[in-house]
Amino acid sequence: MSISDRCCNITPFLVMEINEKAEAMEREGCSVIRMCVGEPDFDTPACVNRAACRALDEGKTHYTHSLGIRELREAICEDYAERYGVTVDPDNVAVTQGTSPAMLVLFSTILETGDKVITSDPCYACYDNFITFAGGEPVKVPVSEDDAFQYRVSAIRKALAENDRIKAILINSPANPTGTLLSEERLKAIAEIAEEHGLWVVSDEIYHGLVYEGKEHSILEYTDRAFVFNGFSKLYAMTGWRLGYVIAPPHFMRTLRNLCQNFFISANTMAQWAGLAALKEAGPDVERMKATYNKRRVYILSRLKGMGLTVKHEPTGAFYVLVNMRRFAERFDGSSLDLAYDILEKAHIAVTPGIDFGQGAEGYIRFSYATSMDNIEEGMNRLERYLKEF
């Protein structure tokens with residue numbers, strides 16, 4: 001029996017392949033320092049756990065509205081008003097089982113077969129698969145380390161001139177895998193291009209709140225021609241709760257609601273009440289986690305630079321450092337995947353190959369500092385020994 005082309009065209013998520021190999025090595029008794037997956041090592045804040053338990057005790061175990069409980073959607077709107085000064089109606093928020101389902105239903109909503117979406121190269125590994133699964137086509141716009149991995153407005157305009165049927169521009173700030181932020185100036189320029197050409201801006205804001213220098217901005221500050229993805233996994237250490245959302249213009253909400261009803265019915269009820277507590281009560285926990293991430297960021301950058309590894313523009317958000325290791329990848333014909341496996345097998349450090357994020361990151365390695373300082377110190381010690389023996 002044949003498998004559909006739509007599914008066969010979905011590429012593996014390489015960071016998970018590396019992580020699964022690390023797990024197998026650990027089962028065999030090997031000590032592996034995992035610096036690959038972007039998952040907070042902190043436990044979920046206690047106030048969030050209590051809210052979920054309270055929901056269970058109170059019998060809140062049934063389906064909710066397909067867009068999510070009203071209280072959570074209202075709190076999301078209040079959060080965006082407080083942080084960015086923008087007005088969002090709760091009826092324009094769809095709560096989903098993580099941010100990934102939000103991407104699935106949104107791209108299914110706005111793309112016809114053959115429509116195109118501008119994405120940066122490099123970018124988060126799964127974006128292109130969501131777009132192609134929905135029948136669309138990614139249009140890759142290179143971003144470089146020399147330019148802090150930010151879109152150049154001229155490059156976006158060039159892509160528009162060379163391609164028809166472009167429907168949207170996808171942005172991610174702070175970004176995975178680079179940890180860098182789009183400047184306010186460039187966000188405004190992207191919004192202006194969208195207005196000028198009748199495009200949509202799709203903004204992944206999942207790392208908002210995890211910014212250590214400067215300030216993040218929501219695309220909703222600059223245009224109404226926008227969709228926003230966000231969620232609770234990263235900022236609130238709630239990866240396993242699977243809770244995210246999409247903010248969309250009113251015209252699209254009926255269709256998004258239809259898709260949520262059919263595909264998911266509703267997001268997990270207890271997780272939704274937990275998410276409400278995260279927004280209302282977990283501020284002190286977030287500040288504590290954020291301060292710890294920043295200490296790790298400063299330390300890992302210092303260690304990497306001490307090894308002679310290039311970090312031209314220091315990441316100021318999320319919990320990643322993307323490092324140019326092309327001179328080491330040359331031994332493997334330039335393959336960052338082969339280099340990552342070699343680092344795993346010889347140094348026992350799990351890292352993410354740059355190719356997972358596109359050709360623009362080939363030869364780079366992404367390090368996640370969403371792990372303990374002890375692990376980071378040991379990981380850097382192992383890496384230093386590995387490079388000396390390389």
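I took a salt bridge to be a side-chain nitrogen of Lys or Arg within 4 Å of a carboxyl oxygen of Asp or Glu. I am working on a predicted model, where local features need pLDDT of at least 70, side-chain atom pairs count only at pLDDT 80 or more, and totals for chains, interfaces and linings use all residues. Residues are numbered from 1 along each chain as its sequence is written, and side-chain values use heavy atoms, with hydrogens and water left out.

I looked up the pair Arg-157 and Glu-196 and found their side chains in a salt bridge at 3.2 Å, N to O. This pair links distant parts of the chain. Arg-157 sits in helix H7 (residues 153-162) and Glu-196 in helix H8 (residues 184-197), 39 residues apart. I read helices as DSSP runs of H or I, at least four residues, numbered from the N terminus.

I then checked accessibility (buried: under 20% relative accessible area; exposed: over 50%; partly exposed: in between; 1.4 Å probe, protein chains only). Arg-157 is partly exposed at 36%. Glu-196 is exposed at 51%.

Next I went to helix H13 (residues 336-347). Lys-346 and Asp-342 form a salt bridge there, 3.2 Å from N to O. They are four residues apart, so about one helical turn separates them. Lys-346 is exposed at 58%, whereas Asp-342 is buried at 9%.

I also noted a network: salt bridges with shared partners join Arg-70, Arg-73, Glu-74 and Asp-91.

Last, I looked at Glu-58 and Lys-60, whose side chains meet at 3.1 Å, N to O. Glu-58 is partly exposed at 49%, and Lys-60 is partly exposed at 28%. My tally for the structure is 26 salt bridges.

Technical notes:
Helices (H or I, at least four residues) and strands (E, at least two) are DSSP runs, numbered from the N terminus.
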